[in-house]
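Hi everyone, thanks for making the time today. Please have a look at the sequence and the model on the screen, and then I'll walk you through a few places in it.

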Amino acid sequence: MTFHKLGVIKLLRKTLHKEGYEAPTPIQQQAIRPAIDGRDILGCAQTGTGKTAAFALPILQRLNAAAPGDKHRPIRALIITPTRELAAQVAESFRTYGRQTPLRAAVVHGGVRKGPQIKALKHGVDVLVATPGRLLDLMGDRHVKLDRVEVLVLDEADRMLDMGFIEDIRKIVAAVPDDRQTMLFSATIPPRIKSLADWVLHDPEEIRIAPEAPAAETVEQRIYLVEARNKQALLEHLLADEDVTRALIFTRTKIKADRVAERLSAAGIEAKAMHSDKPQNVRKRRLERFKSGRTRVLVASDIAARGLDVEDISHVINFDLPDEAEVYVHRIGRTGRAGAGGQAISFCGIEEREKLDAIERLLGRNVGVITDHPFPSPLPRRDQQEQRPRGLGRFRIRSKRPRRLR
Ligand code: AMP
């Protein structure tokens, strides 16, 4: 597949070539053609898959076809992102891909002075990338008018909802024309994203990319059937193994992340918790200590772990299974980076068995169940025998009885 075959114009192809993009990524292969045709897109994909180009190229191509005069430059494409960092990154991508076009991209987000942003808007922009709060602020002051928007993109929509932006998004969507083209990207599509999609999208092309599929292939995955009351003891037992050189533990809630880390520390295993209620400077420090190897164990809730890019994580341990199967794939992708072998261990209580089924459906295969451990669940899986992994011997967790076990 080539960008040419997808219908990308020569002007943009030249830039892509200079950027060293030889072939479109899977999301680009699936999204670019329908997006150029003006279709709405529902994309299940995350950062790192090439999704920015998947929406930016069709937008640039569309806007360039009717390039503006310098006098009248209404905002014709609006991209909403959850964070400042992502907004800046997306705007930069537009500038890069569109550098051979006369189109202008600007970014507005909080945390910085409004003045320069207002000045850029007055100058006229074709593509505006924005975080919700600052955009509404500028709309309120009439510095931004959205009545000529032709294309709307909601990027990392699940994260925007996690961050409580739903009302802001509603207001923004209500301010853009109804006959627009809309693209919504999200790492996961839980029911609340589906209902947002049903509301903002019209007959969308649905695209689902399993971005961490290579990680899911290289990571050795194991399930421990263990009841909730025994999870902490099993965790301490597993962490006693010195092969666990750097472990990232996921819990379902922030409170639980704190509790698990505190109990580990009390048991003599140095561990820190990481979640969005911690002040930014604490998060930064803890992450640095984890990265440098001074902290061996980090216990995180999902939101804090988004975009957590730490090399050489030997083990990802799901203390709890996530509610959405895609999140599991995302979590285990924190280990086994760049083709390195990593291990993913998941605890599954009786009440979590359905989540495990959903994960296995997404993976298209069963995950091996470890039965030989000190805290086995009283209720084995029906098909457990068939699921015993062949390569069990390679999985070197010593089956040592923990000290406090009676
Ligand atoms: P994104 O998921 O949009 O954040 O993109 C992830 C990275 O992949 C960025 O650094 C892009 O520059 C790069 N990228 C996107 N598309 C391609 C492609 N077709 N070939 C090579 N690199 C790409």
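Let's start with helix 5, residues 115-123, whose buried residues are Gln-117, Ile-118 and Leu-121. These three span an arc of only 100° around the axis, so they sit on the same side of helix 5. The arc is taken over the directions from the helix axis to the C-beta atoms. Buried, by the way, means under 20% relative accessible area, exposed means over 50%, and partly exposed is in between, with a 1.4 Å probe and protein chains only. Helices are DSSP runs of H or I with at least four residues, strands are E runs of at least two, and both are numbered from the N terminus.

Before I go on, a word on where this comes from: it is a predicted model, in which local features need pLDDT of at least 70 and side-chain atom pairs count only at pLDDT 80 or more, while totals for chains, interfaces and linings use all residues. Residues are numbered from 1 along each chain as its sequence is written, and side-chain values use heavy atoms, with hydrogens and water left out.

Back to helix 5. What do its buried residues pack against? Their partners are strand 3 (105-108), strand 4 (127-130) and helix 6 (132-140), where contact means heavy atoms within 4.5 Å. On the face turned away from the buried side you find the exposed residues Lys-119, Lys-122 and His-123. Just after the helix comes Gly-124, with a positive phi of about 100°.

Now compare helix 1, residues 10-18. Its buried residues are Leu-12, Thr-15 and Leu-16. Looking down the axis of helix 1, you see them within an arc of 100°, so they line one face of the helix. As a reminder, an α-helix has 3.6 residues a turn, so residues three or four places apart point the same way. The buried residues of helix 1 pack against helix 3 (51-65) and helix 4 (84-97). Facing away from that buried side are the exposed residues Lys-10, His-17 and Lys-18. Just after helix 1, Gly-20 has a positive phi of about 85°.

Some backbone distances here may interest you. A backbone N or O atom of Ala-23 is 2.8 Å from a ligand nitrogen atom. For Gly-50, a backbone N or O atom is 2.7 Å from an oxygen atom of the ligand, and for Lys-51 the distance from a backbone N or O atom to a ligand oxygen atom is 3.4 Å. The protein covers 68% of the 490 Å² of accessible area that the ligand has on its own. Accessible areas come from the Shrake-Rupley method with a 1.4 Å probe; for residues, only the protein chains shown count as cover.

Lys-51 also brings us to Asp-155. The side chains of Asp-155 and Lys-51 make a polar contact at 2.8 Å. A polar contact is a pair of N or O atoms within 3.5 Å; within protein, one must be able to donate a hydrogen and the other to accept it, and residues adjacent in sequence count only if both atoms are side-chain atoms. Asp-155 lies in the loop between strand 5 (151-154) and helix 7 (157-162). Is Asp-155 buried or exposed? Its relative accessibility is 0%, so Asp-155 counts as buried.

In that loop between strand 5 and helix 7 you also find Glu-156. Glu-156 has a positive phi of about 50° although it is not a glycine. Most residues other than glycine have a negative phi.
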